[in-house]
Amino acid sequence: MALLIRNLSQIATPAGSAPKRGKKLRELVVHEQSVIVIRDGRFAFIGRESDIGDSLRATLIEDFDARGATAVPGFVDSHTHIPFAGFRESEFNRRLQGETYSEIAASGGGIASTVRATRAASEEELCGNVVARARMMARYGTTTTEAKSGYGLNLEDELKQLRAIRAATETSPVRLIPMCLAAHEFPPEDRSAAWVERIIDEILPRVAEEKLAVFCDVFVEKGVFTREQGDAILRAGARLGMTPRMHADELSDTDGASLAASLDAASADHLMHISDSGIAALAASNTVANLLPATSFFLMSDRYAPARKLIEAGAIVSLSTDCNPGSSMTESMQTAMQLATLQMKMTVEESLTAATLNGAHSLRMANEIGSIEVGKRADIVLLDAPNYLHLVYHFGVNLVRAVMRDGQFVAA
Ligand SMILES: [Zn+2]
């Protein structure tokens, strides 16, 4: 039984399952005045209504009037920290009054305050928080999101965060892809290197045993994890079947991008301080440069990742929100795209491909999601807009009229 979506003013999508680099990042397929047919949760037809074949036409039982909306692929948010408890709005307010992020961290705020609140929360509470954030994401057009641990910083609480993600998949409107980031920070009670051994010897094996994560991540940064520690943790994760990702070159240049590329990581994320050699390493690799401009914006920094240099060098660029209570409190991929365009000088076309197909590639799902094409899962956003340019042009509002995941409405 099939659903016909008619009266679309435009369908705009990247094409294929291969990630886009360089000039290909801006090559969208645009259908004007077309329809979409969805059957068994997948796209069955895209094109002129008069071109629908007889056998497919015979299965049409439902009809949805899009009233002139523009359809784009469901957004893929490949970097978030959504299983957390406790907001940090008062720290945010202190930052507005001149305190720096490091001063706040030194007084017991920062990640440590989220660790305290997350440890104190039950798995049920965390699950509820994940679902609530996923509902907000869906309202803003996201249909797939990565979700990670990293605020537990001990075996039980890391497992609790990951189990909360698993429990949330039952009711989340957004598809959740779990990742272990036990190596987000050192536990506040013990900043010794023993933590690295515990991650490798205890936490990752348990996470693998319970099949709680697809990916493994490390925050390689001055004063946090060294390159050697990052390398050891990610190799241990990979041996257990978890594909590496890396928080790289965020606050300083540690040559993290080159390390991520050398490990064939799925992504190197943040990259505000990436060097020219790091850019070259990513361009020569399959590691996605995952850019998070909302973080620079929210921290009131002038420093954004060098998106143009990365694109021109030929790196695979994706975009994410970095949704977390300290440095990027937003679930909106529309905001990430607007900042990518207006602050990092990406084009609207590049931003849309980065927010869909390239993010899907980094989550190893580009065969299934990331574009509007026959055979892929029917994840779509219907925008209250005559064309895709409005995604950035009509900024600061929510353009979403309706969202479908696997052919089912999840937000409207
Ligand atoms: Zn992060």
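Glu185 counts as buried, at 16% relative accessibility. I start there because the cut-off for buried is under 20% relative accessible area, and 16% for Glu185 falls under that cut-off. This is a predicted model, and the values I give are computed from it.

Glu185 has a partner. The side chains of Glu185 and Arg191 meet in a salt bridge, at 3.1 Å from N to O. Arg191 is partly exposed, with a relative accessible area of 48%.

I will go through a few.

Glu210 and Arg206 meet through their side chains in a salt bridge, with 3.2 Å from N to O. Arg206 is partly exposed, at 27% relative accessible area.

Arg163 pairs with Glu156, and here the closest N and O atoms are 4.0 Å apart. The cut-off for a salt bridge is within 4 Å, so please keep that value in mind when you look at the pair. Both partners are partly exposed: Arg163 has a relative accessible area of 23%, and Glu156 comes out at 46%.

There is also a network. Salt bridges link Arg42, Arg175, Glu368, Arg377, Asp379, Arg405 and Asp406.

Lys20 is in the loop between β1, residues 2-13, and β2, residues 29-32. Leaving aside neighbours within four places in sequence, the contacts of Lys20 include Ala15 and Leu25. Lys20 is also in contact with Ala315, Ile316 and Val317, and with Thr353, Leu357 and Asn358.

Thr356 is in the loop between α14, residues 348-354, and α15, residues 357-362. Thr356 is buried, with a relative accessible area of 0%. Not counting residues up to four places away in sequence, Thr356 touches Pro14, Pro73, Gly74, Phe75, Val76 and Gly370. For a sense of distance, Thr356 and Gly326 are 30 residues apart in sequence and 25 Å apart in space, C-alpha to C-alpha.

Next, helix α5. This helix runs over residues 123-139, which is 17 residues, and reaches 24 Å from its first C-alpha to its last. That is close to the 24 Å expected at 1.5 Å a residue. Its buried residues are Leu126, Cys127, Val130, Val131, Arg133, Ala134, Met137 and Ala138. Why do these residues lie on the same side of α5? Because they cover an arc of only 165° around the axis. After α5 comes Gly141, with a positive phi near 105°.

In α4, residues 111-120, the buried residues are Ser113, Thr114, Val115 and Thr118. These pack against α2, residues 89-96, and against α5 and α6.

Helix α6 covers residues 155-168, and Ala168 lies in it. Ala168 counts as buried, at 0% relative accessibility. Leaving out residues up to four places away in sequence, Ala168 touches Cys127, Val130, Val131 and Leu176. Cys127, Val130 and Val131 are among the buried residues of α5. Ala168 is 117 residues from Asp51 in sequence, and the two are 40 Å apart in space, C-alpha to C-alpha.

Last, two backbone angles to check. Asp40 has a positive phi of about 50° although it is not a glycine. Asp249 also has a positive phi, near 50°, and is likewise a residue other than glycine. Both are in loops: Asp40 between β3, residues 35-39, and β4, residues 42-47, and Asp249 between β10, residues 243-248, and α9, residues 256-262. Are these two buried or exposed? Asp40 is exposed, with a relative accessible area of 69%, whereas Asp249 counts as buried, at 0%.

Key. Residues numbered from 1 in each chain as written. Predicted model: local features only at pLDDT ≥ 70, side-chain atom pairs only at ≥ 80, totals over all residues. Heavy atoms only, no water. Helix = DSSP H or I, 4+ residues; strand = E, 2+ residues; numbered from the N terminus. Contact = heavy atoms within 4.5 Å. Expected span 1.5 Å × (residues − 1). Buried < 20%, exposed > 50% of the residue type's maximum accessible area, 1.4 Å probe, protein only. Arc of directions from axis to C-beta.
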